[in-house]
Amino acid sequence: MFDDLWAYMYLPLMYKYWYCMPIFLGLVSALYMYIQRRWQSHISQPTDRARVGNSASPGKAPRKDRVQALPLSVNYHFTRQCNYSCGFCFHTAKTSFVLPIEDAKTGIRMLKDAGMQKINFSGGEPFIVQRGKFVGELVRFCKVDLQLPSVTIVSNGSLIDEKWFKNYGEHLDILAISCDSFNPEVNERIGRQQGQKNHLDSLQRVRDLCSTYKVAFKINSVINTHNKDEDMVDYITNLNPVRWKVFQCLLIGGENCGEDALRHAESYVISEEDFQAFLDRHKDVKCLVPESNDKMQNSYLILDEYMRFLDCTKGSKDPSKSILDVGVTEALKFSGFDEQMFLKRGGKYKWSKADMKLDW
């Protein structure tokens with residue numbers, strides 16, 4: 001039956017309109033690519049629905065206990081891939097998806113139009129995509145085209161070279177390097193290295209490049225069972241970052257704890273007393289900015305690789321729909337963002353290097 005239908009209906013039409021076939025095939029191909037990306041954005045939620053402490057629901061109602069906030073500062077985790085294997089990582093390599101750069105730019109422009117003043121690019125490891133060209137072009141776009149007051153990156157520093165600074169450094173306000181210990185053996189136990197490459201060498205090299213190319217330098221440290229008793233005062237003082245962010249190790253269901261997690265960080269978790277003892281030991285470090293689990297969990301606007309806000313209020317990452325599909329305002333309703341805690345933890349600060357008046 002269907003063979004007869006093809007022979008008597010479609011073949012004559014093809015012969016008559018053969019010159020339209022390239023246009024038709026092009027439209028079909030474009031439509032297929034569009035549907036595939038939208039399908040991934042809505043359906044490909046890697047094991048989110050079985051996460052510890054939460055069951056993600058596409059039809060969930062927005063939170064009504066908080067006033068709608070502006071997306072003043074957004075953390076865009078555009079890749080989950082990383083060359084390190086930190087045991088406590090709370091944004092793991094559950095997908096390899098990266099948006100086409102023009103789609104990423106569209107979403108970032110939407111965020112800027114909605115009130116965003118600062119964007120932080122993170123991962124995964126941001127410099128793993130196209131050896132840093134992808135994040136470099138986004139940095140340039142944000143500073144030159146959108147003229148955002150603050151553009152920052154969080155990286156492990158191992159893949160950054162001087163060529164990147166020459167091409168993009170002038171457009172970057174702050175580069176934060178993650179470093180949890182100044183003992184190479186501790187970094188190795190944590191997974192904060194690749195092969196035999198010394199993480200501390202990368203830290204110092206990137207710190208020197210930041211000085212040369214006038215990029216504000218920052219350090220992020222996660223305090224856990226392996227480094228909680230360490231004294232880092234002299235090392236931090238010598239490196240002289242503009243900010244030293246000190247996080248208490250945090251468990252996130254489906255990321256670093258639970259059956260479907262790629263990491264199991266339960267053994268890395270420390271008590272409030274241990275975290276406070278670490279802070280007391282470093283109280284004289286002026287650039288220290290502490291963040292306990294309570295301060296950290298809901299005070300960040302996190303955008304994943306599909307440009308979905310991630311709600312961490314229930315102890316896992318429950319995604320909104322993509323801002324590319326529903327817009328920033330609608331997606332923001334499902335972010336779980338606590339603006340008051342964001343302000344309380346010092347989330348708004350002098351984040352443009354032009355305002356820091358640093359002595360390079």
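Across the whole structure, a search turns up 11 salt bridges. The model is predicted. Keep it open and follow the stops below.

**Stop 1: a buried charged pair.** Select Lys 245 and Glu 291. They form a salt bridge, with the closest N and O atoms 3.1 Å apart. This pair connects distant parts of the chain: Lys 245 lies in strand β6 (residues 243-248) and Glu 291 in strand β7 (residues 288-291), 46 residues apart. Both residues are buried.

Stop 2: Arg 345 sits in the loop between α13 (339-344) and α14 (353-356), 54 residues from Glu 291. Arg 345 is buried, as is Glu 291.

**Stop 3: Glu 330 and Lys 333.** Their salt bridge has its closest N and O atoms 3.1 Å apart. Buried or partly exposed: what is Glu 330? Its relative accessibility is 32%, so Glu 330 counts as partly exposed. Lys 333 is at 34%, so it counts as partly exposed.

**Stop 4: a network.** Select Arg 80, Glu 255 and Glu 305. Salt bridges link them in a network.

**Stop 5: strand β2.** Select residues 118-122; five of the five are buried. Lys 118, Asn 120 and Ser 122 are on one side, Ile 119 and Phe 121 on the other. Side chains in a regular strand alternate between the two faces of the sheet.

**Stop 6: the neighbours of β2.** Show β1 (residues 73-77), which pairs with β2 in parallel over five bridges. Ser 73 has Lys 118 as its bridge partner. Next show β3 (residues 150-155), parallel to β2 and joined by four bridges. Val 151 in β3 stands opposite Ile 119.

**Stop 7: the crossovers.** Helix α4 (residues 133-145) makes a right-handed unit with β2 and β3.

Conventions
Residues are numbered from 1 along each chain as its sequence is written. This is a predicted model: local features need pLDDT of at least 70, side-chain atom pairs count only at pLDDT 80 or more; totals for chains, interfaces and linings use all residues. Side-chain values use heavy atoms; hydrogens and water are left out. Buried means under 20% relative accessible area, exposed over 50%, partly exposed in between (1.4 Å probe, protein chains only). Helices (H or I, at least four residues) and strands (E, at least two) are DSSP runs, numbered from the N terminus. Two strands pair if DSSP finds at least two bridges between them. A crossover is right-handed if, with the strands pointing away from the viewer, the path from the first strand over the helix to the second runs clockwise. A salt bridge is a side-chain nitrogen of Lys or Arg within 4 Å of a carboxyl oxygen of Asp or Glu.
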